[in-house]
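Open the structure in your viewer and keep the selection tool at hand. The tour moves from stop to stop, with what to select and what is there.

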Amino acid sequence: MDVEQQTADELTRIAHSAADALSNEAQEGRPLIVLIEPALNSVSDPVRAAVVEREWLRTCWTPESPMDQIPDSFRACRIDVGDMVAHLGPRWLDVIDALATLVGLDFPRWVDSLDPSVDTEAM
């Protein structure tokens, strides 16, 4: 298995682990929509967590989806190499590695500072 496929599989595992974390939080009656980022960050580094969240939003979630289905939608999330090429471009592994190197644990703050019109691949 090549490194692209291994990384895509790892991102899928992160989504599934986040589903488990969200299911546990749901049992405590907390609103799931505000727990997505903490759940992802509890099972991965901030860069990969953000990549999984963006893929989940892009492929598995719509604003019309019921809030109680958030864990199930993460559990159904499957990230493959084609998804990552479509989302981040053909050098998607380089993009993820560069983000991790450049911003590390400050990634969430860095993302918040970006202009939404910035082309990810050009970045």
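Select tryptophan 56 and tryptophan 61. Both are buried, meaning under 20% relative accessible area with a 1.4 Å probe and protein chains only, where over 50% is exposed and in between is partly exposed. This is a predicted model, in which local features need pLDDT of at least 70, side-chain atom pairs count only at pLDDT 80 or more, and totals for chains, interfaces and linings use all residues. Residues are numbered from 1 along each chain as its sequence is written, and side-chain values use heavy atoms, leaving out hydrogens and water.

Now show the rings. The whole structure holds 2 aromatic pairs. Rings of Phe, Tyr and Trp (its six-membered ring) pair if their centres lie within 6.5 Å; planes under 30 degrees apart are stacked, over 60 edge-to-face, the rest tilted. Tryptophan 56 and tryptophan 61 have ring centres 5.3 Å apart and planes at 25°, so they are stacked.

With tryptophan 56 it forms a stacked pair, 4.3 Å centre to centre and 15° between the planes. This pair links distant parts of the chain: tryptophan 56 lies in helix α3 and phenylalanine 74 in helix α4 (residues 70–76), 18 residues apart. Helices here are DSSP runs (H or I, at least four residues; strands are E, at least two), numbered from the N terminus. Both tryptophan 56 and phenylalanine 74 are buried.

Next, select leucine 40 in helix α2 (residues 36–43). Is leucine 40 buried or exposed? Its relative accessibility is 1%, so leucine 40 counts as buried. Leucine 40 touches Ile14, Ala18, Ala49, Val52, Glu53 and Phe74, leaving aside residues up to four places away in sequence. Contact means heavy atoms within 4.5 Å.

Select helix α1 (residues 3–26) and helix α3 (residues 46–59). They pack at about 80°, axes 10 Å apart. Axes are lines fitted to C-alpha atoms, for helices over the stretch in contact; angles run from 0 to 180 degrees between N-to-C directions. The α1 side of the contact is Thr7, Glu10, Leu11, Ile14 and Ala15; the α3 side is Arg48, Val51 and Val52.

Finish at helix α5 (residues 81–88), which packs against α3 at about 95°, axes 11 Å apart. Val51, Arg54, Glu55 and Arg58 of α3 meet Asp83, Met84, Ala86 and His87 of α5.
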